[in-house]
Structures are given as C-alpha cells and as structure tokens.
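Please look over the structure shown here together with its sequence. The briefing that goes with it is grouped by topic.

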Amino acid sequence: MSWDTVRLEWDDDVATLTVDRPDALNALNVETLEAMGDAIATAADEDARALVLTGAGDAFIAGADIKYMRDLSPEAAQEWGELGHDVADALEAFPAPTIAAVNGYAFGGGCEMALACDLRVAGESALIGNTEIDLGIIPGWGATQRLPRLVGDETARRMIFLGERLDAESAAEAGLFGEVVADDELETVADELADRLAAKPAFAMRTAKEAINQGYEGSQGSGLGYEKRAFASLFGTHDQREGMDAFVEDRDPTFE
C-alpha cells in the first residue's frame with residue numbers, strides 16, 4: 001500500500017512509520033490519520049516485531065489540523081475524536097513494541113500519539129506538550145488518561161491546565177521520555193532500540209505488553225469514553241472558536 005502523507009518502511013522485521021507532511025510540520029488531518037491507521041494495520045498484518053513512529057523534517061507531529069477543527073460541530077468533533085482515538089488505540093494495542101522517535105515539535109495530538117507508544121526517545125531539541133487549552137478545548141485523543149499514568153497527577157494537570165511545553169530534558173525528568181540524544185543521533189538510537197526489541201521472543205514480548213496494558217484497562221476505557229464526549233462538547237463554544245480563530249489569525253486569544 002502507498003499513501004501521500006505517511007511512509008511505511010522496513011528494515012528486516014522493524015517497521016518505521018513516518019508522518020510525511022513536513023510543510024505542515026506533520027500536522028494531522030483526516031487523510032493522514034486514516035493513512036496512519038492503514039499503515040499500522042499493515043505493519044501488524046506483516047508481523048513487524050517493532051514499530052517506530054516519527055515525523056519527516058523538523059517536527060514529530062506538531063498537532064492536529066486546527067484550520068479543519070475550528071468549524072466542526074460537536075457531532076463532527078465526536079467523529080474527529082473517534083478517528084484520533086482509533087489511531088492512538090492501534091498504537092497502544094499494536095502486537096509488538098512501539099517507539100516514538102520524537103524530533104522537534106510534539107504538541108497536542110502529536111504528544112498524544114507519542115503517549116500511545118510503549119517507549120519514547122527524543123532528540124535534544126524536542127518540545128512536547130498538550131497545548132489544547134489555549135484553543136479553548138481539552139486533549140481529545142487520550143492525554144487526560146495516559147499522561148497522568150506516565151508523569152503523575154500534578155505534572156499532568158500542569159501540562160494540561162497550563163498548556164505547558166516541556167523541552168526534552170525537562171520531559172525526560174518528568175518521565176515522559178526514556179532517553180534524550182543528540183538530534184543527529186535520534187534515528188540511529190531509535191533504530192538500535194527497535195532492533196534490540198525485535199530480537200526478543202515475539203510471543204513473550206506481545207504477552208508482556210498485553211499484561212502491562214491490562215493493568216490500566218479497567219478504568220482507562222471509561223475515562224477515554226468520557227474524554228471523547230467532553231472533547232466534542234467544547235466545539236461550538238466561544239472559547240473554542242476564539243482560540244482557533246486566534247491561532248489561524250496569529251493573534252492572542254480573548255477567552256470568556
């Protein structure tokens with residue numbers, strides 16, 4: 001299969017999924033999310049023993065397509081949220097380890113895709129954060145549930161409430177990245193980690209991943225369901241329109 005906005009490349013049993021919209025800093029639109037879902041399914045069907053997620057150019061995934069989002073009705077936002085959740089859930093449930101190789105910006109939906117991966121490695125210039133609050137909305141693809149489990153309640157609340165952007169070292173100290181390396185070494189380090197994972201026994205690795213994920217399943221599913229409804233309900237509000245209009249018009253928002 002081939003897609004216009006993502007690439008799926010193979011090195012033996014390791015698949016690398018690259019979001020390839022560098023002119024848009026790899027922002028996620030409907031086409032790209034659907035392509036990511038197809039590519040993840042293809043990698044699973046072809047028995048990848050590790051999957052690396054990264055972005056082309058100078059960004060990992062700068063976020064979601066705000067020009068598309070700003071005019072969504074709550075009903076359309078629900079569908080949009082479902083699509084993002086489907087991709088993040090596919091990463092989380094992928095039958096082999098997944099690695100986010102975070103280069104540059106990973107904001108909003110980009111941060112959420114990294115959170116859905118098993119491991120995260122960052123280049124030293126990476127910046128990551130859930131910045132949705134400044135658009136008049138909340139994270140809609142999993143961060144309200146996955147982020148606190150990873151970095152703790154206080155840090156997650158600060159990141160989500162304040163829209164804080166963390167540099168690579170600060171994010172690593174918070175537990176968001178497992179490793180920070182020089183930018184020009186990121187691809188090599190991520191590939192080496194993927195090779196190490198791919199060399200492990202595949203069934204045991206899959207079972208270990210399922211066992212870890214199962215520990216969160218009881219409460220996370222209901223939490224994610226609530227997040228979807230809460231995310232969609234904010235579309236059509238003054239703050240959502242103001243936040244997104246201000247972003248597109250390159251000005252400071254004025255919230256109610």
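This is a predicted model: local features need pLDDT of at least 70, side-chain atom pairs count only at pLDDT 80 or more; totals for chains, interfaces and linings use all residues.

Residues are numbered from 1 along each chain as its sequence is written, and side-chain values use heavy atoms, with hydrogens and water left out. The chain is divided into domain 1 (2-199) and domain 2 (202-249), with bounds that come from an automatic or database domain assignment.

**Domain interface**

- The centres of domain 1 and domain 2, taken over C-alpha atoms, are separated by 13 Å, and 41 residues of domain 1 are in contact with 28 residues of domain 2, where contact means heavy atoms within 4.5 Å.
- About 2800 Å² is buried between domain 1 and domain 2, with carbon and sulfur atoms giving 62% of that area; buried area here is the accessible area (1.4 Å probe) that two parts lose on being put together, summed over both.
- Of the area that domain 1 buries against domain 2, R70, L135 and R149 supply 22%, more than any other three residues.
- Between domain 1 and domain 2 there are four salt bridges, a salt bridge being a side-chain nitrogen of Lys or Arg within 4 Å of a carboxyl oxygen of Asp or Glu.
- The domains also share 15 residue pairs in polar contact, both residues at pLDDT 80 or more; a polar contact is a pair of N or O atoms within 3.5 Å, where within protein one must be able to donate a hydrogen and the other to accept it, and residues adjacent in sequence count only if both atoms are side-chain atoms.
- On the side of domain 1 that touches domain 2, helix 2 (66-69), helix 3 (74-92) and helix 5 (143-151) each supply at least two residues, and the largest share, ten residues, comes from helix 3; helices (H or I, at least four residues) and strands (E, at least two) are DSSP runs, numbered from the N terminus.
- The residues of this side of domain 1 divide into 19 nonpolar, ten polar and twelve charged, with Ala, Val, Leu, Ile, Met, Phe, Trp, Tyr, Cys and Pro counted as nonpolar, Asp, Glu, Lys and Arg as charged, and the others, Gly among them, as polar.

**Helix 10 and E242**

- In helix 10 (residues 238-248), the residues Q240, E242, G243, M244, D245 and A246 are buried, where buried means under 20% relative accessible area, exposed over 50% and partly exposed in between (1.4 Å probe, protein chains only).
- The buried residues of helix 10 pack against helix 2, and the helix is followed by D250, whose phi is positive, near 55°.
- E242 is buried at a relative accessible area of 12%, and its side chain makes a polar contact of 2.7 Å with the side chain of R251, while a polar atom of the E242 side chain also lies 2.7 Å from the backbone nitrogen of T254.
- When neighbours within four places in sequence are left aside, E242 is in contact with R251, D252, P253, T254 and F255.

**Helix 5**

- The buried residues of helix 5 are A143, Q145, R146, L147 and V151, and G152, just after this helix, takes a positive phi of about 95°.

**Salt bridges**

- The whole structure holds 14 salt bridges, and R70, D71, R241 and D245 are linked in a network of them.
- The side chains of K209 and D118 meet in a salt bridge (2.8 Å, N to O); K209 lies in helix 9 (residues 202-233) and D118 in the loop between helix 4 (109-115) and strand 7 (119-123), so the pair ties together parts that are 91 residues apart in sequence.
- K209 is buried, with a relative accessible area of 9%, whereas D118 counts as partly exposed at 26% relative accessibility.
- R158 forms a salt bridge with E154, their closest N and O atoms being 2.9 Å apart, and both residues lie in helix 6 (residues 153-162), four residues apart, about one turn of the helix.
- R158 is partly exposed at a relative accessible area of 43%, and E154 is partly exposed at 48%.
- E9 forms a salt bridge with R7, the closest N and O atoms being 3.1 Å apart; E9 is partly exposed at 39%, and R7 is partly exposed at 31%.
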